[in-house]
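Dear colleague,

I am passing on the structure below, and I would be grateful if you could look through it alongside the notes that follow.

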Amino acid sequence: MADAMAWYDSVIQSLRDHDIWLVPYVPDAAGWNVVSRLEQDPAFLTVPSAREEEAVGIAAGAYAAGKRSAVFMQSSGFGNTVNGLAQLAISHRIPVPLFIGMRGGLGEFNSVQVPAAQAIPRVLDALNIQHYAPDREEDVSKVVDGAIELCYAARYPVAVLFYSGLVGAKRATS
Amino acid sequence: MLRREALRALLDRVTTEPIVANLGSATFDLFAAEDRPANFYTSGAMGLVSSVGLGVALAAPDRKVFVVDGDGSILMNLGSLATIARMGPANLVHIVLDNHQWAETGGQPTHTAAGTDLAEVAKGAGIPHVAAVTTLEGLEEALDRAVAEDGPWCIVAEIEETGHGPRPIFNPEENLLIFRRTFVP
């Protein structure tokens with residue numbers, strides 16, 4: 001049996017298969033495995049954003065003009081997006097696929113990462129945003145393909161959470 | 001200069017170009033002046049209108065894209081000016097109608113009433129074409145340049161707050177789909 005693709009290569013393949021073009025992001029260690037490769041790929045335009053809510057706004061604007069986006073961020077900044085998700089994306093029925101690098105779980109070294117990350121599934125539930133977390137490399141394509149398909153069919157944000165079990169825990173740097 | 005005069009000056013310079021309007025007064029007065037398919041009324045998410053406009057501008061590089069923002073709103077999202085500067089969309093014209101107050105909530109003075117100069121902030125963020133205007137003639141001249149010349153532009157226009165037009169009833173989802181059809185039939 002062939003080895004599974006690296007998780008980030010599976011994500012990139014799914015983005016490509018679903019005509020995702022614009023990628024607004026605030027960098028994080030997990031998502032950078034994807035975004036750094038997209039930055040070298042002429043099929044994508046990456047948009048480094050100063051704050052996570054901006055990235056949601058940029059993605060919403062691109063959809064309004066007929067283009068598809070995917071937003072990348074770290075769990076610590078997800079809270080910054082809530083107003084943009086509720087009052088822009090959800091209230092206008094704008095599909096925004098969200099890819100969140102989850103800190104605060106197995107192997108976390110920084111205590112302040114824990115509360116925000118723990119709140120995310122419940123905050124997403126409160127916003128009626130479906131969320132999925134592939135935990136094995138061989139499941140990444142199925143989950144990301146399905147999440148993007150669902151997002152655009154429902155015209156509603158959908159979140160894919162990348163936990164340390166899949167992407168590895170960020171290590172403390174001295 | 002009144003908000004409705006500023007919006008009229010903008011509307012006189014567009015045909016099918018998209019206008020992305022801030023929630024509240026900018027939306028109400030744009031709707032009252034001319035409810036056109038290429039108007040996107042952001043309705044909520046205060047602060048985000050410039051980000052939405054950036055997304056539209058990146059997605060539609062062949063059209064001039066106009067954003068009508070407010071001082072209270074851009075003060076919530078100053079990082080957006082730096083993001084716009086970094087991406088440098090030549091087709092984006094970001095207009096900030098500065099009434100120095102949070103008009104929707106009772107006219108409390110914003111930071112621009114206390115000295116914050118949004119045109120200088122925009123310059124400092126790296127926006128290459130910035131104009132600060134205080135008269136209708138000044139705005140018309142800045143808009144003529146912004147229509148004719150590559151941007152990104154940020155035009156900070158001081159306006160006198162005298163209230164807004166009637167609050168229109170529309171469905172945000174329907175507005176989005178109508179706007180989107182001007183790009184994707």
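A crossing of two helices is called left-handed if the near helix is turned anticlockwise from the far one by less than a right angle, and right-handed if it is turned clockwise. In that sense α1(B) and α7(B) cross in a right-handed manner; please keep in mind throughout that this is a predicted model.

Helix packing in chain B

Helix α1 (residues 3-11) of chain B and helix α7 (residues 136-148) of chain B pack at an angle of about 30°, and their axes are 10 Å apart. Because angles under 35 degrees count as roughly parallel, α1(B) is described as roughly parallel to α7(B). On the α1(B) side the contact is made by E5(B), A6(B), A9(B) and L10(B), which meet L136(B), L139(B), E140(B) and L143(B) of α7(B). Sorted by class, the contact of α1(B) with α7(B) consists of six nonpolar and two charged residues, with no polar ones.

The other pair to look at is α5(B) with helix α6 (residues 118-125) of chain B, where the packing angle is about 45° and the axes lie 8 Å apart. That angle makes α5(B) oblique to α6(B), and the crossing of α5(B) past α6(B) is right-handed. Here L81(B), A82(B) and A85(B) of α5(B) meet V121(B), A122(B) and A125(B) of α6(B). The contact of α5(B) with α6(B) has six nonpolar residues, with no polar and no charged residues.

The sheet of chain B

Chain B contains an open sheet of six strands in the order β2-β1-β3-β4-β8-β7, with parallel pairing. Its edge strands are β2 (39-41) and β7 (129-133) of chain B, each of which pairs on one side only. On average, and with direction ignored, neighbouring strands of this sheet are turned by 15° against each other. Within the sheet, strand β4 (residues 92-98) of chain B and strand β8 (residues 153-158) of chain B pair in the parallel sense over six bridges, and L97(B) has A157(B) in β8(B) as its bridge partner.

Which helices of chain B each supply at least two residues of the side that touches chain A? The contact as a whole takes 29 residues from chain B and 27 residues from chain A, and the helices in question are α3 (49-59), α5 (79-87) and α8 (172-181) of chain B. Of the elements on this side of chain B, α3(B) gives the most, with eight residues. The residues of the side of chain B that touches chain A divide into 16 nonpolar, ten polar and three charged.

Overall dimensions

Chain A has eight helices and seven strands. Its radius of gyration is 15 Å, close to the 16 Å that the globule rule gives for 174 residues, so chain A is as compact as a globular protein of that length. The C-alpha trace of chain A spans about 40 × 40 × 25 Å along its principal axes.

In chain B there are eight helices and eight strands. The radius of gyration of chain B is 15 Å, close to the 16 Å given by the globule rule for 185 residues, so chain B is likewise as compact as a globular protein of that length. Taken along the principal axes, the C-alpha atoms of chain B fill a box of roughly 45 × 35 × 30 Å.

With best wishes

How values were computed: Residues numbered from 1 in each chain as written. Chains lettered and ligands numbered in written order. Predicted model: local features only at pLDDT ≥ 70, side-chain atom pairs only at ≥ 80, totals over all residues. Contact = placed C-beta atoms within 7 Å. Helix = DSSP H or I, 4+ residues; strand = E, 2+ residues; numbered from the N terminus. Nonpolar A, V, L, I, M, F, W, Y, C, P; charged D, E, K, R; others polar. Pairing = 2+ DSSP bridges. Axes fitted to C-alpha atoms, helices over the stretch in contact; angles between N-to-C directions. Parallel < 35°, antiparallel > 145°, perpendicular 65-115°, else oblique. Rg over C-alpha atoms; globule rule 2.2 N^0.38 Å.
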